[in-house]
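Good morning, colleagues. Please have the sequence and the model in view while I speak.

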Amino acid sequence: MIKNLDIQALERMRTRFNRLYGPQEVEHLLERMVQLIGRYGIGLEGFSKADLWDETSSVLITYGDMVQNGEEAPLKVLKRFADQHLSGSINTIHILPFYPYTSDDGFSVVDYRVVDRRLGKWNDVAELGRGFRLMFDLVLNHCSRSSKWFVDYVNNIAPYRNYFIEEDPETDLSAVTRPRALPLLTPVHTQHGDTHVWTTFSDDQMDLNFANPDVLFEFLDILLFYVANGSTIIRLDAIAYLWKKPGTSCIHLKQTHEVVKLMRDLMDMVAPEVVLLTETNVPHEENISYFGNGDEAHMVYQFSLPPLLLYGLTNGNASYLTNWAASLNDLPPKCTYFNFTASHDGIGVRPLQGIIPNEELMKLADRVKSLGGHVSMKANSDGTESPYELNITYFDAMGDNPETVTDQHIARFLCSQTVAMSLRGVPAVYFHSLTATRNNYAGVEETGRARTINRLKWNEDELETLLADSGSTAAKVLKEYCNRLHIRSQCKAFHPDAGQQVINIGPEWFVVEREWKDERVVCISNFTDEYRELKVDDQLYRLNRTDTCTDLLTGRRYMGDGKVLPFEPYQTVWLKI
């Protein structure tokens, strides 16, 4: 056995292997784990004892080819854009799946250990990592139908003939939670006969069989390979659906949680500064279950935040957001939220379940349609369909007219982003939020997929010309967005572990106080389209009892008792006291 192995971690792994595969497999699997660790080493080179995150932590979410010029590898172009525009504001870049793929814009992976040649090479990834921390996707629920794994399964070649999940189409699978209104099983002709294979998301995305420990170890190896290639955050894509068992919902099964905990044990042992982030677009209580007891994911997406912000700011009413934010429990040590408003997917609305009435959700969906967006549906167990996500750029979702952009539209959008920066957790910004990108109607028409509306690929010259025009919406938003991120990075009260208190002073306002030791910031946002004045009283007792406070965003100082704070429509202040 390798020297310096964490014996306690190995014992936890022993327990997890027993729960997943039974006592007869434990010793063999534990030995495989030791061999795997030996292959990559204990304490991977380049990792220190630095904190997992701090107030400077922020993430850009982007495809590897979001900016391109037709001549250079897109990853080189992305590096140039990031170096020029994002240094000092963003410290981590999440490159969405950059591996060869066949569908779903990267999430139907052909080969997990190769960079798609259309994007660049591993050297280009490494170069990007010289100026920024990196985040990779581990797409572990499914792989491409064109992958070598599936081709070998079809040809009955070991070990891949046991990598996928076959199911009799007569089996009662009505209890299975369906994220798509598509067939769950896909017919496949193989060398061992005609069969049906489990496909949760599409007939090109073949679900992998984690009941086979060979599949688990394949992905543990890939996980360490990504860490060795510079990833400091690993996003576990669609993790909730990982383990299948007919007769159950096949979502959030206890075995799925054990797999995530096993990965956490492995990271704690070999790369303790690497963060595991679970992607589970589900109601809040289900989502945060992936924190476990502080022994599972380090971070979870704050999926309720994007639709709550959208609802609150477009209705001039922060009540639902305030009540939800006030209900958030304290987190286990070394756990925090991934606070985002937009991503490559749509705005998930299932996380609103139990937070806002269904009729209000339907009004929100109708509003998105009126702004040129789409509403994607999911299949329910009773045969009905319900909204799953809203497909629209977050910038356009904050507008009032799909044809025009007003100063009020920009202010409302920036308010949404600033509230997300204010909350406990690590802020994450999608590329198209930085550039205030409009709906990509041409892309939707070309692909036939609603999600393409938010996946425009910029031409580098066109984007840089736009950003060079200080009067353009893109230039205004990028400048102010980066300025606010930079200001945030200088204030310890915005550390993801800093204290948070949500204060309810009425539906027109969203107020949160952040505190780190003796440093406090009160963040106040006007959620209405009207000029308002806020008289400081005992509801904001820290401000009322402070002689002087300064707005970090404008530098304006407020002095004396009974302070009256003026607010433009959708203005946020960060008052340091």
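**Salt bridges and local features**

By the rule used here, the count comes to 39 salt bridges, a salt bridge being a side-chain nitrogen of Lys or Arg within 4 Å of a carboxyl oxygen of Asp or Glu. This is a predicted model, in which local features need pLDDT of at least 70 and side-chain atom pairs count only at pLDDT 80 or more, while totals for chains, interfaces and linings use all residues. Residues are numbered from 1 along each chain as its sequence is written, and side-chain values use heavy atoms, with hydrogens and water left out.

Let me take some of these pairs in turn. Glutamate 27 and arginine 14 meet through their side chains in a salt bridge, at 2.2 Å from N to O. Glutamate 27 belongs to helix α2 (residues 26–40) and arginine 14 to helix α1 (residues 7–21), so the pair ties together parts that are 13 residues apart in sequence. Helices (H or I, at least four residues) and strands (E, at least two) are DSSP runs, numbered from the N terminus. Arginine 14 is partly exposed, its relative accessible area being 25%. On the scale used, buried means under 20% relative accessible area, exposed over 50%, and partly exposed in between, with a 1.4 Å probe and protein chains only.

A second salt bridge joins the side chains of arginine 19 and glutamate 258, at 3.0 Å from N to O. This pair links distant parts of the chain, with arginine 19 in helix α1 and glutamate 258 in helix α7, 239 residues apart. Are the two partners buried or exposed? Arginine 19 is exposed, with a relative accessible area of 52%, whereas glutamate 258 is buried, at 9%.

Arginine 412 counts as buried, at 4% relative accessibility.

There is also a network of salt bridges, linking Asp105, Asp345, Glu389, Arg449, Arg451 and Arg455. Most residues other than glycine have a negative phi, and most peptide bonds are trans. The phi of aspartate 105 is positive, near 50 degrees. Aspartate 105 is found in the loop between β3 (92–95) and α4 (122–131), and is buried, with a relative accessible area of 16%.

Histidine 252 also has a positive phi, of about 60 degrees, although it is not a glycine. Histidine 252 sits in the loop between β9 (231–236) and α7 (254–270) and is buried, at 18% relative accessible area. As for the peptide bonds, a cis bond joins alanine 158 and proline 159, with omega about -5 degrees. Proline 159 lies in the loop between α5 (148–154) and β6 (185–190).

I turn to helix α16. Which residues of α16 (residues 460–468) are buried? They are Glu460, Leu463, Glu464 and Leu467. These residues cover an arc of only 95 degrees around the axis, which puts them on the same side of α16; the arc is that of the directions from the helix axis to the C-beta atoms. The buried residues pack against β2 (67–68), α3 (74–85), α14 (431–434), β17 (458–459) and α17 (473–489), where contact means heavy atoms within 4.5 Å. The face turned away from the buried side carries the exposed residues Asp461, Glu462 and Thr465. Asparagine 459 caps the N-terminal end of α16, with a side-chain oxygen 3.0 Å from the backbone nitrogen of aspartate 461.

Next, the cysteines. How many disulfides does a search of the whole structure find? The search finds zero, a disulfide being a pair of cysteine sulfur atoms within 2.5 Å. Cysteine 250 is in no disulfide, and the nearest cysteine sulfur, that of cysteine 143, is 18 Å away. Cysteine 250 is buried, with a relative accessible area of 3%. Cysteine 549 counts as buried, at 2% relative accessibility.

Finally, threonine 280 lies in the loop between β10 (275–278) and α8 (284–288). Threonine 280 is buried, with a relative accessible area of 1%. Leaving aside residues up to four places away in sequence, threonine 280 touches Ile239, Ala240, Asn287, Tyr290 and Phe303.

Key: A polar contact is a pair of N or O atoms within 3.5 Å; within protein, one must be able to donate a hydrogen and the other to accept it, and residues adjacent in sequence count only if both atoms are side-chain atoms.
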